[in-house]
Amino acid sequence: MSQRERGWDFHLRTLSHSSRDSNTANDPASDPSLLHSVKKLHDLCKAENSDDLVARVYPQINKIFQRAVASLSQSRTSNGLLLLVILQFYLDFGEVVLHDADPSLRTFFRSCLSREFADPVVAEATLEFLISNKKKLLTSFPNLLPQFFPLLLKLIAWNGERLEKLFLKAFPGLISPGSFLPLFPSLVDLPISVVALEKVEKSSGPLIGSNIASIQKNTAPKMLLALMDEAYTGSTIEDGGGDSESEESGAIDVADPLFLELLKDENDGIAERPWSSPVMAQLLQSAVNTLYSDRLKAVLSMTPRLLDVYFSISLHDMNDSLICALIPILMSRFATMFPDKIFSYEVRKRLLEFMLSTFQRSPNFIALLKKPIMDRVGEAYDSPDKTELALQLCWAIGEHGGGGGSHKDEARELFESLELLLYENLSSRSRLGMTHDVSLGSDKDTYRSSQSRLLCFVVTAIAKLATHHRELLPRARVSLGKVARSRNSDARVWRRACDFLGLMNDPAICSSILGPSHGTAQKVGSINWNEGATKMVAHIPFYVLGEQEGPPFHDFSFTDVLPGRR
């Protein structure tokens with residue numbers, strides 16, 4: 001018998017013996033030699049490329065998998081590594097033994113990884129398993145990773161930047177049509193998930209080996225006892241003794257539905273996450289009032305990079321319907337996120353870049369989303385964050401003509417919303433702080449400056465919309481004329497309105513400056529400003545740049561100015 005055959009028999013006997021050993025029969029992972037033997041048998045099957053050998057070892061490995069899964073709730077040993085090796089065997093030889101790996105993979109995520117995601121060794125091995133089998137998982141089991149993306153986000157949130165490179169390689173597999181929309185709120189709320197996980201660890205002990213989904217069941221008897229105590233004695237849990245610590249009096253109910261929504265394991269669609277709920281308020285207050293943990297700092301730094309990958313994949317792989325449906329979600333979350341200045345700035349910057357690039361690629365989205373866009377513009381005065389979003393939306397409305405020339409009705413409705421915003425300012429100086437009494441002058445100046453900046457964008461959007469849609473020109477002249485005649489207008493807003501009124505008296509120049517910058521044929525006498533670096537020359541009339549025929553009004557040769565032109 002060759003050495004390889006002796007090794008084969010030895011490892012096969014190890015598997016057979018483990019099923020009869022009373023010490024390991026109910027907890028296979030407690031025997032470290034079992035993991036080694038399964039690995040060796042897998043390697044031998046690959047090296048020999050023999051269906052007979054695979055058929056001989058499969059029954060034993062399958063029994064070990066079933067026993068390991070059955071022992072998860074009582075086992076004190078990590079089963080993750082053993083189950084991953086067996087899953088690799090299923091993926092490599094499933095067709096030989098007619099084994100469908102899909103139920104086994106789902107069992108691993110639901111029963112094992114949900115308990116061991118906080119184990120750094122199991123977490124790293126899981127990501128390596130997903131990366132090495134990425135192609136097969138995406139082709140044979142395309143819905144697996146998108147279904148369990150909340151669990152994998154918990155894995156990276158808890159283990160931090162140490163596994164970021166591995167996670168970024170596996171992350172594209174989490175994105176599919178079914179997970180695309182729910183994934184975005186989960187990414188933005190990743191820091192809040194870390195705070196929630198740390199609360200669970202503080203109140204219920206180490207996360208390794210405990211399934212968070214069972215918290216609700218575990219707390220049910222406590223809640224029942226509390227209700228009985230209140231019924232018989234009139235006291236409640238909150239009535240606790242005066243010597244109890246203040247931190248405990250503000251303890252968070254980890255069985256709250258919102259809390260469990262933050263820490264769920266599977267994708268069940270977009271769920272409402274009310275930021276005004278007591279649990280969310282307590283989570284945010286707890287995070288803000290204490291020093292950030294190293295884990296939270298890592299996630300605050302890592303989340304923007306995950307959003308970069310998410311948005312990049314969105315633009316390249318997702319269809320227009322899903323991207324269009326994502327935009328209102330982005331707008332609704334623009335002012336509601338973890339209250340860290342650097343984190344908020346980085347995330348909002350990416351949200352704006354994605355929205356504006358989407359509108360650039362598909363201007364018709366502005367017409368399709370006119371209702372949520374008008375709602376956000378109407379909220380411009382609620383907070384500085386909403387003001388920033390509103391002015392960027394105003395820019396997009398004007399730049400893309402309210403969705404393009406074929407969307408005249410939608411453009412008119414958007415124009416009316418901008419008109420209303422402008423007239424509200426002219427009729428109520430107090431709302432913009434023009435006569436607002438603020439104790440600190442710097443606050444008043446900042447407030448007025450931001451509102452004036454917004455109105456500059458509104459005036460520009462009105463002028464651009466009227467240039468795109470000529471039927472709106474009379475109304476635009478009336479609107480801008482009111483600003484120009486108003487004594488309450490900010491100097492910058494007044495100057496811009498006067499400039500646009502002057503431009504409208506020269507249609508050719510107005511169309512060149514305020515007209516569509518893409519998607520339409522260039523009109524005679526107008527300029528393509530994208531080519532200004534090579535074709536724009538001072539003091540040359542516009543009709544010359546438009547290549548009109550006729551006698552020149554200059555005493556030099558055109559080739560003297562542009563030598564490369566013939």
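**Reading ring pairs and helix packing in a predicted model**

Biologist: Where does the charged end of Arg295 sit?

Modeller: The charged end of Arg295 sits over the ring of Trp158, 3.5 Å from its centre. A charge counts as over a ring if NZ of Lys or CZ of Arg is within 6 Å of the ring centre and within 35 degrees of the ring normal. Lys482 does likewise with Tyr423, its charged end being 4.5 Å from the ring centre. This is a predicted model, in which local features need pLDDT of at least 70 and side-chain atom pairs count only at pLDDT 80 or more, while totals for chains, interfaces and linings use all residues. Residues are numbered from 1 along each chain as its sequence is written, and side-chain values use heavy atoms, with hydrogens and water left out.

Biologist: How many aromatic pairs does the structure hold?

Modeller: Rings of Phe, Tyr and Trp (its six-membered ring) pair if their centres lie within 6.5 Å; planes under 30 degrees apart count as stacked, over 60 as edge-to-face and the rest as tilted. The structure holds 13 such pairs. In one of them, Phe180 and Tyr310 have ring centres 5.3 Å apart and planes at 15 degrees, so the pair is stacked. Phe180 belongs to helix 11 (residues 180–188) and Tyr310 to helix 17 (residues 294–317), so the pair ties together parts that are 130 residues apart in sequence. Helices here are DSSP runs (H or I, at least four residues), numbered from the N terminus.

Biologist: Are Phe180 and Tyr310 buried or exposed?

Modeller: Buried means under 20% relative accessible area, exposed over 50%, partly exposed in between (1.4 Å probe, protein chains only). Both Phe180 and Tyr310 are buried. Ring pairs also link Phe180, Phe184, Tyr310, Phe311 and Phe354 into a cluster.

Biologist: How is the packing of two helices described?

Modeller: By the angle between their axes and the distance between the axes. Axes are lines fitted to C-alpha atoms, for helices over the stretch in contact (heavy atoms within 4.5 Å), and angles run from 0 to 180 degrees between N-to-C directions. Helix 12 (residues 190–204) and helix 17 pack at about 155 degrees, with axes 9 Å apart. That makes helix 12 roughly antiparallel to helix 17; angles under 35 degrees count as roughly parallel, over 145 as roughly antiparallel, 65 to 115 as roughly perpendicular and the rest as oblique. Residues making the contact include Val194 of helix 12 and Val299 of helix 17.

Biologist: At what angle do helix 17 and helix 19 cross?

Modeller: At roughly 10 degrees, and their axes come within 9 Å. Helix 17 and helix 19 (residues 341–361) are therefore roughly parallel to each other. Among the contact residues are Phe311 of helix 17 and Phe354 of helix 19.

Terms used: Helices (H or I, at least four residues) and strands (E, at least two) are DSSP runs, numbered from the N terminus.
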